Amino acid sequence: EELGRRLRSICMIRRRKHEVRTEMPRIRRAEAWVDLPKPKEFIAELERLGSFAKQLDLERLDANLAGEALERISAMRVLAGVAKIEPAKEWIEDFLESGERLVVFARHREVVQQLAHHFKAPFILGGIGVDAQQDAVKRFQEGRDKVIVVGLEAGGTGLDGLQHAASNMLFVEMGWTAKDHDQAEGRLDRLGQESPVTAWYLLGRDSVDELLHGVVSEKRMTAD
């Protein structure tokens, strides 16, 4: 202790990011709320959801959800996901002005493909093959692309290398459970990451996002 005290009194000790990483919050989660178009079927489904929303336990879907309820929520997720494509494009374009690279996660194939097409970005979806997946990651790592779009299920596990290229991710769509997002966040929050990780959640006001995000947040608080 005495030696340490004397050293600190006469010199400054500098540490690298990875050496102080354990002292930083592992992941910072931030919400970005957007307004979505509200077609009649969107509003009608939202109202029907309200009658049983508080009774849902999305960690145990099969046990607690009747088939009709599950179909309603699934339909609402599709509507919300497609409705967020344009707001997502605007958000991502604004973010890229920072010069940082971004990993974008989405749930539905249409959302993944439209965003990838708009930004001319590589994408990862189930069924694309190992070689195509590795090529997408390589392009992103080498800086040829500032954005990579990943299917939430396809990129939840078994995907490595993104942490060397980015520390920011955007969830355009909500998964069913906290585990879905925790696994995806783990693609950046892993060995080789030298910066604090930020997970952005793009959420639609007055949509099924409020239900799903609320349940996921509550589960995380209970787990903590």
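The model is predicted: local features need pLDDT of at least 70, side-chain atom pairs count only at pLDDT 80 or more, and totals for chains, interfaces and linings use all residues. Residues are numbered from 1 along each chain as its sequence is written, and side-chain values use heavy atoms, without hydrogens and water.

The chain has ten helices and six strands. These are DSSP runs numbered from the N terminus (helices H or I, at least four residues; strands E, at least two). Of its 224 residues, 46% count as buried, meaning under 20% relative accessible area with a 1.4 Å probe and protein chains only. Among contacts (heavy atoms within 4.5 Å) with a separation of 6 or more, 79% join residues 24 or more positions apart.

Now take strand β4, residues 147-151. Five of its five residues are buried. Val-147, Val-149 and Gly-151 point one way, and Ile-148 and Val-150 point the other way.

β4 has partners. Strands pair if DSSP finds at least two bridges between them. β2 (residues 102-106) pairs with β4 in the parallel sense over five bridges. β3 (residues 123-124) also pairs with β4 in the parallel sense, over two bridges. Val-150 of β4 stands opposite Phe-105 and opposite Ile-124. From β3, the chain crosses through helix α8 (residues 130-141) to β4 in a right-handed β-α-β crossover. Right-handed means that, with the strands pointing away from the viewer, the path from the first strand over the helix to the second runs clockwise.

Finish at helix α9, residues 178-185. Ala-178, His-181, Ala-184 and Glu-185 are buried there. They lie on the same side of α9 because they cover an arc of only 135° around the axis, taken from the directions from the helix axis to the C-beta atoms.

Note on methods:
Buried means under 20% relative accessible area, exposed over 50%, partly exposed in between (1.4 Å probe, protein chains only).
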